[in-house]
Amino acid sequence: MTDEIKPLILVIEDDPQTRRLLKTNLCNRGWRVIEAENGKSGLLLVKSDSPDLVILDLGLPDIDGISLTKRLRQLSDLPILILSARSQEQNKIMALDAGADDYLTKPFSTGELHARLQALLRRVMRTMNNMEIFQTGELTVELARRKVFVAGNEVHITPIEYRLLSILVRHAGLVVTHRQLLKEVWGGEHIHDQHYLRVYMGQLRHKLEINPARPRYLRTEVGVGYRLVDDEETNQCHF
Amino acid sequence: LSAPVFAFYFAHPIFSFAINDLENIIGLGVMIVVANVTSNFLERVHLQAEISKQRENRANTLYELSQALSDAHNQQEVARIAVSHIYDDFGAMSVLLFPDHEFHLHYPHEMPLEHSLRNINLKIAQQTYQQHRVIQASEPICSITYFPLERSQIIQGVLAIKLLAGSDLASPELITFFDTFLNLISQTLERLSLTELANNANLQAETESLRNALLSAISHDLRTPLTRIIGASTALVESNADFSAEAKLDFNRVILDEAQRMSELTSKILDMARLTAGEIIPHKEWNALEEIVGSALNRLEKNLGTRPIRTLLPDNLPLLWIDGVLVEQVLTNLIENAIKYTPAGSPIDISAELLVGKLAITVSDYGLGIPQGMEEKVFDKFYRLEPESHQGGVGLGLTLCRAIIEAHGGTIHVANQYGKGALFIINLPIHEPPNLNCLQGMAE
């Protein structure tokens with residue numbers, strides 16, 4: 001990350017205490033923070049200040065998180081991190097499908113928050129730099145040559161498996177919903193055929209993981225989707 | 001017919017219809033009379049047969065109706081069954097109307113049924129309902145009759161039926177038949193309303209006991225961490241930096257640990273409340289057990305530390321038709337319990353085995369196990385083996401597990417293994433897995 005310009009983060013959250021906590025925390029990390037207490041002023045700030053990232057609470061008083069995500073997406077491609085309560089499970093998934101990039105369930109630790117923000121900002125860097133090789137732990141994906149290696153040994157994977165993996169690589173460190181994967185690999189008419197995903201992700205896990213029942217790279221987020229663990233995150237989670 | 005044949009063949013002159021003999025004429029007369037009588041008689045027998053056949057049909061119809069109604073679980077279903085049977089058996093369109101809490105009649109369906117009668121006069125229906133009597137409303141084109149569906153002096157609803165021309169309920173037999181028909185419907189409605197009353201009473205008792213248990217849980221299990229949090233944080237705020245950095249960190253750790261415990265407790269209590277209130281309905285999808293185990297272990301990574309976890313899941317397990325989030329919660333609870341109640345560093349085993357028609361998932365540990373005789377008790381609401389232990393918990397974890405597994409048509413129980421600790425066994429039904437044949441071709 002470049003040090004000269006510190007990323008500007010917009011926090012859209014109606015609860016003043018949570019907002020204060022987030023601001024203190026983020027400023028402490030050297031990020032710049034602007035705040036909005038509702039969806040409307042949040043949208044205005046996105047237009048006027050063009051922040052690098054948005055942290056969006058799902059339970060805003062004026063606009064629901066899903067429509068706000070959609071409207072933010074119409075304005076720009078900036079990363080959106082959703083904050084959701086446990087009871088908003090379904091809304092969270094809908095917001096992710098509507099274009100949000102990742103989520104955190106309240107209550108969350110500062111560590112989790114930073115890991116997510118880093119992953120989101122890295123995604124932006126990656127799309128700008130047009131990544132050719134992705135590496136996390138012992139897993140290497142050569143995107144240009146469509147080759148996959150685990151601990152230096154090439155692993156043969158089928159075209160569908162590769163397509164799934166490449167989508168996850170593109171979103172490394174971030175959650176990718178079932179719907180997103182189904183739509184990109186099998187097409188829009190198969191967004192409900194979750195069993196396709198289960199079968200192919202299972203095959204992929206068995207090829208890439210030492211213990212597929214306790215995967216190191218291809219994490220399942222039950223009810224939401226999958227997450228390819230990114231290198232720095234792996235280090236943070238004690239492995 | 002026999003008379004001309006007789007004339008033609010037997011009476012002289014043979015092979016002519018002319019009859020010469022008086023004797024033969026008499027014979028013919030007798031024959032005609034006999035023929036008439038027999039044919040009359042036969043006709044009557046036919047009629048009788050017809051009637052009994054009709055009766056049999058009606059009995060069958062009533063039998064079918066009662067069969068269908070006995071499976072009905074709510075008013076909507078009763079309405080659907082009644083309307084379609086009335087159409088099939090009487091060729092008439094009809095509709096059932098039910099009263100709301102303020103005794104106003106409404107259509108039971110948002111969407112009209114196939115043979116449902118629309119545009120009836122709700123005012124007349126209301127009159128029927130209030131006055132307990134059949135009202136026939138003659139409209140210019142057709143007439144609609146409103147029948148009260150009455151049982152034990154209580155009107156469950158009103159049936160409006162539009163009779164087509166010529167199919168009026170004129171014959172007394174048909175009226176009796178129709179009455180029986182209505183009676184069956186009323187009976188079913190009464191049964192439903194009684195069941196609902198009983199359920200409500202049960203639910204109320206259940207809620208009451210849950211509320212009491214919740215109160216006691218809150219008073220103890222939530223207050224303890226709160227006391228510690230308030231203690232630690234007031235020390236920090238009021239001390240004016242008198243503490244060493246180490247002491248401050250200690251206080252902060254207490255706050256963090258206790259806050260996390262409270263967060264866990266509140267979600268368990270909320271889940272239990274939602275489950276009891278019937279708010280959590282399994283959202284079933286095809287799920288892979290491997291993923292659910294992996295996700296549960298990932299979630300508990302911090303708590304697991306370096307504890308050895310042995311997973312023994314056979315390859316090619318079938319996909320399960322389950323709510324992944326809920327079943328993950330079950331596994332998380334079981335593993336969490338194993339972490340809490342067994343010595344640090346002792347292994348936890350998770351395995352699965354495919355049996356006939358079901359999948360057995362086991363979580364076993366190397367602790368002390370469950371005291372004998374307590375194997376069922378641990379699943380009770382708010383039951384804890386050591387109520388005052390320092391391990392936070394409200395005794396809801398296993399109750400939740402059982403509620404979730406049972407909502408999937410499965411079972412969960414615990415046993416002690418000789419030389420090992422507790423062994424939790426979950427049995428989940430296996431469903432016919434979806435077809436994947438066309439997959440490969442489509443995506444490539």
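Glu258(B) and Arg228(B) form a salt bridge, with their closest N and O atoms 3.0 Å apart. Glu258(B) lies in helix α6 (residues 245-276) of chain B and Arg228(B) in helix α5 (residues 172-238) of chain B, so the pair ties together parts that are 30 residues apart in sequence. A salt bridge here is a side-chain nitrogen of Lys or Arg within 4 Å of a carboxyl oxygen of Asp or Glu. Helices (H or I, at least four residues) and strands (E, at least two) are DSSP runs, numbered from the N terminus.

This is a predicted model, in which local features need pLDDT of at least 70, side-chain atom pairs count only at pLDDT 80 or more, and totals for chains, interfaces and linings use all residues. Residues are numbered from 1 along each chain as its sequence is written, chains are lettered from A and ligands numbered from 1 in the order in which they are written, and side-chain values use heavy atoms, with hydrogens and water left out.

**Between the chains**

The whole structure has 23 salt bridges over all chains. Four salt bridges are counted between chain B and chain A. Arg219(A) forms a salt bridge with Glu301(B). Two pairs are set out below.

| Salt bridge | Closest N and O atoms |
|---|---|
| Glu258(B) and Arg228(B) | 3.0 Å |
| Arg219(A) and Glu301(B) | 3.6 Å |

In the interface, 35 residues of chain B are in contact with 31 residues of chain A. Contact means heavy atoms within 4.5 Å. The area buried between the two chains is about 2,800 Å², and carbon and sulfur atoms give 53% of it. Buried area is the accessible area (1.4 Å probe) that two parts lose on being put together, summed over both.

**Helix packing**

In chain B, helix α2 (residues 22-70) packs against helix α3 (residues 75-90) at an angle of about 165°, with their axes 10 Å apart. That makes α2(B) roughly antiparallel to α3(B). From α2(B), residues including Thr61(B), Leu65(B) and Leu69(B) meet α3(B) residues, among them Val78(B) and Ile81(B). By class, this contact has five nonpolar, two polar and two charged residues.

In chain A, helix α6 (residues 159-170) and helix α8 (residues 194-208) pack at about 85°, their axes 10 Å apart. That makes α6(A) roughly perpendicular to α8(A). Residues of α6(A), including Ile160(A) and Leu164(A), meet residues of α8(A), including Leu197(A) and Tyr200(A). The contact divides into nine nonpolar, one polar and two charged residues.

Axes are lines fitted to C-alpha atoms, for helices over the stretch in contact, and angles run from 0 to 180 degrees between N-to-C directions. Angles under 35 degrees count as roughly parallel, over 145 as roughly antiparallel, 65 to 115 as roughly perpendicular and the rest as oblique. Ala, Val, Leu, Ile, Met, Phe, Trp, Tyr, Cys and Pro count as nonpolar, Asp, Glu, Lys and Arg as charged, and the others, Gly among them, as polar.

**Loops**

Gly357(B) sits in the loop between β9 (348-355) and β10 (358-365) of chain B. Gly357(B) touches Leu428(B), Pro429(B) and Ile430(B), not counting residues up to four places away in sequence. The C-alpha atoms of Gly357(B) and Leu428(B) are separated by 8.7 Å.

In chain A, Pro107(A) is found in the loop between β5 (102-105) and α5 (110-129). The peptide bond from Lys106(A) to Pro107(A) is cis, with omega near -10°.
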